[in-house]
Protein chains: 2
Amino acid sequence: MPASAGVRRRGAVRSEEARLAVLEATGRLFATQGYDHLTIEGIAAEAGVSKQTIYRWWSSKSAVVADALIEDLLLPDRPVVPDTGDIRADLIAWMQDLLDLVAQPGNDGLVRSLVAAACESTDIGIRLNDALGITATVSARIEAAVAAGQLPADLPVIEFVRALVGGFVLHSLERSEPAPEAAERLVRALLH
Amino acid sequence: MPASAGVRRRGAVRSEEARLAVLEATGRLFATQGYDHLTIEGIAAEAGVSKQTIYRWWSSKSAVVADALIEDLLLPDRPVVPDTGDIRADLIAWMQDLLDLVAQPGNDGLVRSLVAAACESTDIGIRLNDALGITATVSARIEAAVAAGQLPADLPVIEFVRALVGGFVLHSLERSEPAPEAAERLVRALLH
DNA sequence: TTAACTGGACGCACCGTTGCGTATTATCGG
DNA sequence: CCGATAATACGCAACGGTGCGTCCAGTTAA
């Protein structure tokens, strides 16, 4: 018996190679086909892995996606909120980056796919926030502005961020043509 | 040839009975099963109509849902924004009604289903706004507040409403437990 | 020895399409 | 005015295709 604690199982150990292959294949297919055209069989084929291996470790498509989300395999590099001291300008710049990102070819359906996944699965819905880095990154910037006296001290930060991101999401769902002042208007709706 | 203008078709005329049966069945199944568990075959069975009759007139599941949305067969009675003269209190009351509505048993998945449908289909996404009466009802109330000098004249109304509703939607997607001050906090995030 | 792996097959549900028979309706010929 | 014809919508039934989730047999690795 090994010196370390814990009961050592007998038999083969889980293949990290297969695990990663599945998550990476999920990331690739998600990017190219979107969430709703994602299939377990497609992931298995793309990963070069048997379907059974997926079903052994994940209960559903959304569980795989949730894991890929955690491993940062689903989203492109996310814009960060700058900090020039001017909270309004910073938020507008960040929102513009966000809009530019989803305006890039190939990223059209990205938001829709993520939202669709969040609709289907509680796990994804919860983890999406963290994965977007929103709660962490944006909230921190807002709280800095509050500390600097640029925003009221009793501002409900979480709800503020939610409204900001929610406005962005709805904008994406409406598939409205990208107006040049969209970012500025959205931020100005919250900061008046 | 008939006196009236327009080329009169030959043959049987479209059955209004069948059309309504389909849309009403869609409404019932949508309410009980949610959007993603909706199937054409299920709708046909529930409506007592052949599958072909559906495919003859609608191109996809989302097209049927979009039509049902238009005919007001999908959503329960929607809260209206009161007008007491106090814009903040009115918005809080409205948001509270909204939260109460989706908190009712049987309505848990309502928002998720609608959002999922909007993700899948452009038509639904666009029509959802109208059907929710948001653009009309809420915007009007906001503009009244602007006219009354309670909100700045250059407020981007559409974006403001989008942020408000977006905050509500994200709140629903997160499935967070219903905090009693949720409505008040969300409105206060926008009106500070 | 035991568990994870691959590969293949199964039944099921739903998709979207097609063919067939029937009912309804406008148009045309007598 | 009336019957034949043509065009259309309907229900019923079946098709091939796809993906699901499960199962089994055989192989590989700790």
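Of the atoms of DNA strand D that lie within 4 Å of the protein, 59% are sugar or phosphate atoms, and the rest belong to bases. The model described here is predicted. Around DNA strand D there are 21 residues, and those that come nearest are A:Gln52, A:Tyr55, B:Gln52, B:Thr53 and B:Trp57.

By class, the surface near DNA strand D is made up of nine polar, six charged and six nonpolar residues.

**Helices at the surface**

Three helices each supply at least two residues of the surface near DNA strand D: α2 (40-47) and α3 (51-57) of chain A, and α3 (51-57) of chain B. The greatest contribution comes from α3(B), which gives five residues.

Two residues of chain B approach phosphate oxygens of DNA strand D. For B:Ser50, a backbone N or O atom lies 3.2 Å from a phosphate oxygen.

**Aromatic rings and charges**

Over all chains, a search of the whole structure finds one aromatic pair.

Charged side chains also sit over rings within each protein chain. In chain A, A:Arg14 lies over the face of A:Trp58, 5.2 Å from the ring centre. In chain B, the charged end of B:Lys61 is placed over the ring of B:Tyr35, at 4.3 Å from its centre.

How values were computed: Residues numbered from 1 in each chain as written. Chains lettered and ligands numbered in written order. Predicted model: local features only at pLDDT ≥ 70, side-chain atom pairs only at ≥ 80, totals over all residues. Heavy atoms only, no water. Near = heavy atom within 4 Å. Polar contact = N/O pair within 3.5 Å; in protein donor to acceptor, adjacent residues only side chain to side chain. Helix = DSSP H or I, 4+ residues; strand = E, 2+ residues; numbered from the N terminus. Nonpolar A, V, L, I, M, F, W, Y, C, P; charged D, E, K, R; others polar. Phe/Tyr/Trp six-rings, centres within 6.5 Å; stacked < 30°, edge-to-face > 60°. Lys NZ or Arg CZ within 6 Å of the ring centre and 35° of its normal.
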